[in-house]
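This report covers a sheet and a group of packed helices. The structure is shown below.

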Amino acid sequence: MRAVHAIVSRDGRKLAEAGAHAEGGRLRLGRRGAQGDSWFLDEPLENLLTFSEGVPWRTAAVSLEDVYVCPSGEEPRLRISAVANGVLRIKLELAFDDHSLLRLQVSWTNISARTLQDAAAGLLLPLPKGEQSKVTIPHMLYNDNPSSDLQRIVPKLGMGPGRGVICEEHRLPIPGVNVEWQESREGETASCFSLFSIPSYSETEEGTVHYGSLGAIDEEKSIVAAALSGVVMFNGEKDVVCTAKSRTDNWRGGYLSLAPGQTLAKEYALDWSDGVLPGRGFRELVRRAPYLYDPRGAEPLTVEEIVRLKTNALDGRWRTGGGGEAGYVKFAPEAVPGRAPKHPPHFMYGWTGQCLKLAWCDLKLGLRRGEEDRIARAVQAADFYLHGSRTAAQGLRYGMFNLAEGRWDHYRWNGEEVVPSRALGETIADLADLALELRSHGREIPAGWTEAVREAADWFRRSRLPSGVYPAAWRTDGTPADEMITAAGLPCTIALAKAYRLGGDPADLAAAEAGLRSYYEAHAASFDRPFARSTLDARCEDKEAGMYYFLAAYELYTLTGRDEYREWTEIGADWILTFVFHWNPVYDRGTPFRERNFLAAGWPGVSVQNHHLDVYFPTYELWKLGRMTGRSDYERMGRMSFGVMGQGICTESGEYGFSRAGEQGEGFFQTNWNGRGHSNTWNPSWVIALVLQNALRFREEESG
């Protein structure tokens, strides 16, 4: 080794060392400790760099010559220069920043006399597997998505050596990869490494935007964190991306051409630590992201404007019938010009219908404004549900009502009629909230409401599986439709906590606490099985599963004040924040998002199967948690996330494809999934309910 140079992080715990020798160079990354320095990455430079020409791209190591390593004057900085494959001058500059992240700037310059065609370049950082490893790629991969339906197309890493998942940067809410490993399965702590990209883009004369790519490759003895110039890999297949639900397509938009003298420059940040609780490595992504990206979201509408517009959409969903039917329809096809009705008009309770959450919004509006007709509508909608939805199994209820045929219906799942635990739990929790809202205003709770909540709570108290969690659904006779351990039934735990608020029965609180503990042990204790299968159609790891864990823990924390529940709530908050965009991708010229300056920062994605954005997020509770605990990061992200959801709301007829003000699409497409740079007009009623409920609560807080 001709010379070895090292730099140390500001906190004195991290070490980066580089040296050059006749055959090339070497880079080491590690930690300082009482027992001496320890290295988790110790590799020849040529193994850490990759370059290829041609389709498909390759991950072969480069051949280096003229390698130089030197410090940078008085600054604690390393500079590395080398010639790769005789055609590229590669320069790396490494320096620890004030937060002890290792900043890495890389440039690739074509020093040949020809244009390098179909080029792919990047970094390949091999990391230990240990006895057990977990990889998190935000929105894409959570410990290899173990709960995903094998019949569905979702990202998978562990499919054999050399296979992996590498995505376009704009597919990732936090453009980073976290790899966690344990030296032994019995160990109490783990080590983890995070690779972040600081996204930058190039744009062609035609207006096509090009970003880099990030991901991981599973090798026999290591997990390779990969940062490439834009080429992709899906489940081991190069040049393939997921473009829609359970659909993949070839995509070669990641290749580059480098003219003589042209330079490709990228910036990254590297972070590593040990002593991490197993399964919690992903939290380092969330902890570092606000500092790295300083997310700034749009806020096109005030809280008052959102309330006004969403109330108008709410009013457009109200329906009654001659037989006493009353509620809010899931779809209003007349709000989308030219759309033929796909479903008969119907009320749906829970999930994407949220009929009683809409009733709560009507009640809240009516009580604030003194509008008795709104209060009456809310009561009428709840009464209709209570009196008509009973089934032969006490505690279970129908989940839908077909207005056209005047018939109560069940959800269907796996070819049979079922009562989903999620939908029933959501609806009973909403019913309890309706009753609590009336009581808080000194109004009488209508006959039968408290009894209905009591009946459902009794069912929830006796209907958990032997594993301690609820089944994803019950058959109409009350037997579990499936005994798989999932997070789908968490709303039943929330409903029990709400039942305790309403009726004060200690048995309900005890059952809610026992249920939450079971879900913690099943999912959050180790994240061997991340939160999954809350979205009834996706059957995979999804934001909504983590969201209901967060809400259940939040409910019990606010009820009891126990520090343990605060910790569990914050774990849930961090997990769902991996789905929230912390940066703003730029879109191709001519797309609606580019023309409207749509900003993704603050928007949450959906699931490892559905790679788009939507408004389903506990913005108010995240903000409130931050207020209660002094966590300004939660407070900021909760409020920002709410504000950005003003984007896409129709403010006048014809805007965003809607004829009624207040309507908003379900899907916003920030990446190559159903086309990049636009939103849709699919408008189930939960898009009204979630945004309006949060807006009403934020308005109440802000008005004092």
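A crossing of two helices is called left-handed if the near helix is turned anticlockwise from the far one by less than a right angle. The model discussed here is predicted.

## Helix α4 against α6

By that definition, α4 passes α6 in a left-handed crossing. Helix α4 covers residues 355–369, and its axis lies 9 Å from that of α6, at an angle of about 15°. Angles under 35 degrees count as roughly parallel, so α4 is roughly parallel to α6.

On the α4 side, the residues in this contact are L356, K357, A359, W360, L363, K364 and L367. They meet T427, D430, L431, D433, L434, E437 and L438 of α6.

## Helix α6 against α8

Helix α6 also packs with α8, at an angle of about 20° and with the axes 8 Å apart. That angle makes α6 roughly parallel to α8. The crossing of α6 and α8 is left-handed.

Residues of α6 that take part include S421, R422, G425, E426, I428 and A429. Among the residues they face in α8 are P491, C492, I494, A495 and K498. D433 of α6 is listed in the contact with α8 and also in the contact with α4.

## T493 in helix α8

T493 lies in helix α8. Its relative accessible area is 2%, so T493 counts as buried. Apart from neighbours within four places in sequence, T493 is in contact with Y470, A512, G515, L516, Y519 and A552.

## Helix α7

Helix α7 has 14 residues, 449–462, which at 1.5 Å a residue should span 20 Å. The C-alpha atoms at its ends are 21 Å apart, in agreement with that value.

The buried residues of α7 are W449, A452, V453, E455, A456, A457, W459 and F460.

## The four-stranded sheet

Elsewhere in the model, 4 strands form an open sheet in the order β1-β2-β3-β4, with antiparallel pairing. The edge strands are β1 (3–8) and β4 (38–44); each has a single partner strand, so one side of each is left without a neighbour in the sheet. From one strand to the next, the twist averages 15°.

Strands of a sheet pair through backbone hydrogen bonds. Strand β3 (residues 24–31) runs antiparallel to β4 and is joined to it by 6 bridges. G30 has W39 as its bridge partner in β4.

How values were computed: Residues numbered from 1 in each chain as written. Predicted model: local features only at pLDDT ≥ 70, side-chain atom pairs only at ≥ 80, totals over all residues. Heavy atoms only, no water. Pairing = 2+ DSSP bridges. Helix = DSSP H or I, 4+ residues; strand = E, 2+ residues; numbered from the N terminus. Axes fitted to C-alpha atoms, helices over the stretch in contact; angles between N-to-C directions. Expected span 1.5 Å × (residues − 1). Buried < 20%, exposed > 50% of the residue type's maximum accessible area, 1.4 Å probe, protein only. Parallel < 35°, antiparallel > 145°, perpendicular 65-115°, else oblique. Contact = heavy atoms within 4.5 Å.
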